[in-house]
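Opening the notebook on a new model today.

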Amino acid sequence: MTIRVLIVDDQAMVRAGFAALLNAQSDIDVVGDAPDGRQAIEVSGRTHPDVVLMDVRMPEMDGLEAARRLLDPPPGVVHRPRVLMLTTFDVDDYVYEALRAGASGFLLKDAPPADLIAAVRVVAAGDALLAPSVTRRLIADFARNRPAPRRDPRLRLNGLTPRETEVLELIARGLSNQEIAAHLVLAEQTVKTHIGRILAKLDLRDRAQAVVLAYESGLVQPGAQ
């Protein structure tokens, strides 16, 4: 299956470079590009991409607001792409908020070409958190320094079984499905089933949101191994 990609960046050369790289892959097709968040929403509505590469800082509408609108569309809009945030800095408040909104991960704009290609495939598959160690550090930094949310996130975890809570903790620590299966001596398919139930019970978009909630609820403490 071909992965449909939309590239959003205010620099034309960046968009062209990413498009040339991705279009050279047999399983990836760049279906559009946009110079700002507002146009990204319009182009996404026409082209229905699987993955949106979204720059963080842009004129008209920044990547954070655009990601929020794509991931929480108005009634009647069925299509919701996966969003991969592009940033210059690996610790960025905008990226943290984008992960809370449901973005699947983030990638540094100066990452090697192979990393960009792999990131698009990982995000499109939807079964792994991109760059878990870096993303986990980003979330931990902000969970440590931000004020607690008004509603206690711990209450949301009450509906999980002990095994599901254990799996959520391991997700937040950056383990892959295969690593979780080995740690808990379970079949990998069983782990996938647990993760699906966790996301459904907690009304979460994907693993990135699960990691955010695990830190904000106190299930995992920043700095803990």
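**Core and salt bridges**

I started with the largest nonpolar core: it has 25 residues, and V8, V52, M54, V83 and M85 touch the most other members. I keep in mind that this is a predicted model. Elements giving two or more residues to this core include β1 (3–8), β3 (51–55), β4 (82–87) and α10 (207–216). The largest share, five residues, comes from α3.

Leaving out residues up to four places away in sequence, M85 touches, among others, M54, D55, L64, A98 and F106. Apart from this core I found another one, of 22 residues, including V167, L184, I198 and A214.

Then I turned to charges. How many salt bridges does the structure hold? I get nine.

D55, already on my list as a contact of M85, forms a salt bridge with K109, with the closest N and O atoms 3.5 Å apart. The two come from distant parts of the chain, 54 residues apart: D55 sits in strand β3, K109 in the loop between β5 and α5. D55 is buried, at 6% relative accessible area, whereas K109 is partly exposed at 22%. I also noted that D9, D55 and K109 are linked in a salt-bridge network.

R15 and D33 pair up at 3.0 Å, N to O. They are 18 residues apart, R15 in helix α1 and D33 in strand β2. Is R15 buried or exposed? R15 counts as buried, because its relative accessibility is 14% and the cut-off is under 20%. D33 is partly exposed at 41%.

Last entry: R173 and E169 meet at 2.8 Å, N to O, in a salt bridge. R173 is buried at 18%, and E169 is partly exposed at 25%.

How values were computed
Residues numbered from 1 in each chain as written. Predicted model: local features only at pLDDT ≥ 70, side-chain atom pairs only at ≥ 80, totals over all residues. Heavy atoms only, no water. Core = buried A, V, L, I, M, F, W, Y, C linked by side-chain atoms within 4.5 Å. Buried < 20%, exposed > 50% of the residue type's maximum accessible area, 1.4 Å probe, protein only. Helix = DSSP H or I, 4+ residues; strand = E, 2+ residues; numbered from the N terminus. Contact = heavy atoms within 4.5 Å. Salt bridge = Lys/Arg side-chain N within 4 Å of Asp/Glu carboxyl O.
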